[in-house]
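Have the viewer open as you go.

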Amino acid sequence: MSEQSKWPAQPMPLVGVPNFSEGRNERVIGTLEATLGAYARVLNRHFDDQHNRAVYTIAAEPPKLVEALFAGAEQAVEVIDMRHYSGLHPHLGALDVCPVVWQTPERHDDAVAAARQVADRIASLGIPVFFFGELATSPERQERAYFRQGGPAELARRMASGELKPDVGPDQPHPTAGATLVTAREPLVAFNIELDTPNPEIARTIAAELRESNGGLVGVR
């Protein structure tokens, strides 16, 4: 038996992919990265000014990942004001989307538990949290578009009327940080395609036809 085989394989860490509604202010982007990096390893960072969005990929064991994502949410409340936000990407909040990702099947339950813990911690900041994907509480809530339709103003109206209730947290958006979408999921690949047309309806039609929910390719969301 080799020296290496004497040691049990270590489980792969969980991954978090927090999406923040800021892609223009590099000071804020750097501050968010430093906050996340105090608790987890930052594997990647992507941002652009048109979508006005920063996406980080971080990795850690569950307790540290929960702390990192909560600290990121707390920092976002301080440095991002959605009342002055503009950008092309659909959005609802300062920490807009917060997925916890399992890399191997044996870490699935850890990811689900961590996502629920993160949701509770975010809600403690006065931010309503909606579960989507695997954690969705009804079929229509599985897709992020269900919550994003009409943007922050429509979300506020739907919540005020009682049409839409959060899974965790207050019954109205945070005054500056909006709302956050949380899930646990397996890894996915996201990519952008540039179309030779300025017509957004063509892009929406193509996207709708590709999505599995509309009868398109399996696994495409």
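What follows covers a strand and its partners, then a loop residue, then a surface patch.

Keep in mind that this is a predicted model.

**Strand 5 and its partners**

Let's start with strand 5, which spans residues 95-101 and is mostly covered, with 7 of its 7 residues buried. Strand 1 (residues 14-16) pairs with strand 5 in the antiparallel sense, and strand 2 (residues 19-20) also pairs with strand 5 in the antiparallel sense. Strand 7 (residues 180-185), on the other hand, runs parallel to strand 5. Here are the bridge counts:

| Partner of strand 5 | Sense | Bridges |
|---|---|---|
| Strand 1 (residues 14-16) | antiparallel | 2 bridges |
| Strand 2 (residues 19-20) | antiparallel | 2 bridges |
| Strand 7 (residues 180-185) | parallel | 5 bridges |

**Asn52 in its loop**

Next, find Asn52 in the loop between strand 3 (41-48) and strand 4 (53-60). Is Asn52 buried or exposed? Its relative accessible area is 4%, under the 20% cut-off, so Asn52 counts as buried. Among the residues Asn52 touches are Phe20, Ser21, Arg24, Tyr85 and Gly87. Gly23 is also on that contact list, and its backbone nitrogen sits 2.7 Å from a polar atom of the Asn52 side chain.

**A nonpolar patch outside**

Finally, head to the surface, where Ile193, Leu195, Ile202, Ile206 and Leu210 form a nonpolar patch with about 420 Å² of accessible area together. Leu210 belongs to helix 6 (residues 200-210) and is partly exposed, at 39% relative accessible area.

Key: Residues are numbered from 1 along each chain as its sequence is written. This is a predicted model: local features need pLDDT of at least 70, side-chain atom pairs count only at pLDDT 80 or more; totals for chains, interfaces and linings use all residues. Side-chain values use heavy atoms; hydrogens and water are left out. Patches are made of residues with over 30% relative accessible area and no salt bridge: like charges are joined within 9 Å, nonpolar side chains (Val, Leu, Ile, Met, Phe, Trp, Tyr) within 5 Å. Accessible areas come from the Shrake-Rupley method with a 1.4 Å probe; for residues, only the protein chains shown count as cover. A salt bridge is a side-chain nitrogen of Lys or Arg within 4 Å of a carboxyl oxygen of Asp or Glu. Helices (H or I, at least four residues) and strands (E, at least two) are DSSP runs, numbered from the N terminus. Buried means under 20% relative accessible area, exposed over 50%, partly exposed in between (1.4 Å probe, protein chains only). A polar contact is a pair of N or O atoms within 3.5 Å; within protein, one must be able to donate a hydrogen and the other to accept it, and residues adjacent in sequence count only if both atoms are side-chain atoms. Contact means heavy atoms within 4.5 Å. Two strands pair if DSSP finds at least two bridges between them. Lists of a residue's contacts leave out its neighbours within four places in sequence.
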